[in-house]
Amino acid sequence: MGDLDAIAGRHVLVTGAGSGIGASIARRLGRAGARVTLAGRREAPLRAVAADLPDGAAHVVAGFDVTDPQAIADGLAGARAAFGPVSILVNNAGAAETAPFGRTSLAQWQSVIAVDLTSVFLVTQAVLPDLEAGGAGGRIVNIASTAGLVGYRYVSAYCAAKHGVIGLTRSLALELARTGITVNAICPGYTDTPLVREAIAAIIAKTGRTEAEVLAEMTAGNPQRRLVDPDEVAETVAWVVSPGAASINGQAIAVAGGEVMVG
């Protein structure tokens with residue numbers, strides 16, 4: 001386990017923990033001995049992830065709407081009652097909608113910005129007093145995307161939101177640098193999650209292309225020509241929250257098979 005031994009007993013809050021990257025992060029940190037609050041909208045997926053963690057290591061907060069300050073406050077109250085102050089925050093919840101810019105409605109734009117960017121502001125601001133009270137060693141990890149480092153067609157709102165997440169990460173990292181709390185963004189490329197699989201199915205239905213053709217196009221930017229495994233993202237998070245990564249701060253770390261980001 002090495003440096004991750006120091007995570008044992010610490011309270012980790014993971015948003016969007018019911019599936020995909022969030023579930024992988026929760027399982028990885030739970031195996032390292034952390035006490036993990038699994039936050040999300042739907043209870044059943046969260047309970048399924050909790051069942052994979054050691055006994056007593058998981059607390060489930062369903063109905064955790066990351067765009068609703070009251071839902072966040074209520075969820076945090078329950079999390080603190082279960083495991084005490086949060087010392088590691090993983091802002092993972094997110095959503096994506098695909099549309100040409102000219103056909104992106106204001107409602108779509110506002111929804112994506114709210115879920116992918118404003119949520120990071122709201123949850124982080126709510127948790128920050130815990131981290132500041134805990135002193136050095138606090139960690140904030142924002143799951144962004146390679147879409148926060150470059151532009152992609154047909155996802156203008158998503159790209160704008162993820163660029164915003166990286167800007168927020170860098171700004172807050174500077175504000176908190178002298179406290180010993182670190183703030184970093186992890187930027188996966190296309191990752192093998194239910195969200196991406198749904199996108200693939202939608203493209204197949206709309207275009208009639210085969211799954212192999214869609215996958216080939218989707219992974220063309222990854223030099224390894226594959227989807228990223230969610231567990232690979234989780235391992236990166238585990239390293240960033242470990243004591244040995246105390247000097248990693250304000251970074252946007254791409255997990256994308258060697259894709260070089262040129263902004």
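What follows is a short chat about the sheet, some side-chain pairs and a surface patch.

Reply: Happy to! Keep in mind that this is a predicted model.

Me: Good to know. In what order do the strands of the sheet come?

Reply: The order is β3-β2-β1-β4-β5-β6-β7, which makes an open sheet of seven strands with parallel pairing.

Me: And which strands stand at the edges?

Reply: Those are β3 (58–61) and β7 (252–255). Each has a single partner strand, so one side of each has no neighbour in the sheet. From one strand to the next, the twist averages 20°.

Me: Let's zoom in a bit. How many bridges link β5 and β6?

Reply: Five bridges, with β5 and β6 paired in the parallel sense. To pick out a residue, N142 has A185 in β6 as its bridge partner.

Me: Switching topic: how many salt bridges are there?

Reply: A search of the whole structure turns up nine. One of them brings together the side chains of R41 and D65, at 3.3 Å from N to O.

Me: Where do R41 and D65 lie?

Reply: R41 is in the loop between β2 (35–39) and α2 (43–50), while D65 is in the loop between β3 and α3 (69–83). The pair therefore ties together parts that are 24 residues apart in sequence.

Me: Is each one buried or exposed?

Reply: R41 counts as exposed, at 56% relative accessibility. D65 counts as buried because its value is 18%, and the cut-off for buried is under 20%.

Me: Nice. What about D192 and R197?

Reply: Their side chains also meet in a salt bridge, 2.8 Å from N to O. D192 is partly exposed at 34% relative accessibility, and R197 is partly exposed at 34%. Through salt bridges with shared partners, D192, R197 and E211 are joined into one network.

Me: Now aromatics. How many aromatic pairs does the structure hold?

Reply: One. Y152 and Y190 form this tilted pair, with 6.3 Å centre to centre and 35° between the planes. Y152 sits in the loop between β5 (139–143) and α5 (156–176), and Y190 in the loop between β6 (182–188) and α6 (194–207), so the pair links parts 38 residues apart in sequence.

Me: Last one: which residues form the nonpolar patch on the surface?

Reply: F101, L106 and W109, with about 360 Å² of accessible area together. F101 is found in the loop between β4 (88–91) and α4 (106–134), and counts as exposed at 63% relative accessibility.

Terms used. Residues numbered from 1 in each chain as written. Predicted model: local features only at pLDDT ≥ 70, side-chain atom pairs only at ≥ 80, totals over all residues. Heavy atoms only, no water. Patch = residues over 30% accessible without salt bridge, like charges linked within 9 Å, V, L, I, M, F, W, Y side chains within 5 Å. Areas by Shrake-Rupley, 256 points an atom, 1.4 Å probe, with all protein chains shown as cover. Salt bridge = Lys/Arg side-chain N within 4 Å of Asp/Glu carboxyl O. Helix = DSSP H or I, 4+ residues; strand = E, 2+ residues; numbered from the N terminus. Buried < 20%, exposed > 50% of the residue type's maximum accessible area, 1.4 Å probe, protein only. Phe/Tyr/Trp six-rings, centres within 6.5 Å; stacked < 30°, edge-to-face > 60°. Pairing = 2+ DSSP bridges. Axes fitted to C-alpha atoms, helices over the stretch in contact; angles between N-to-C directions.
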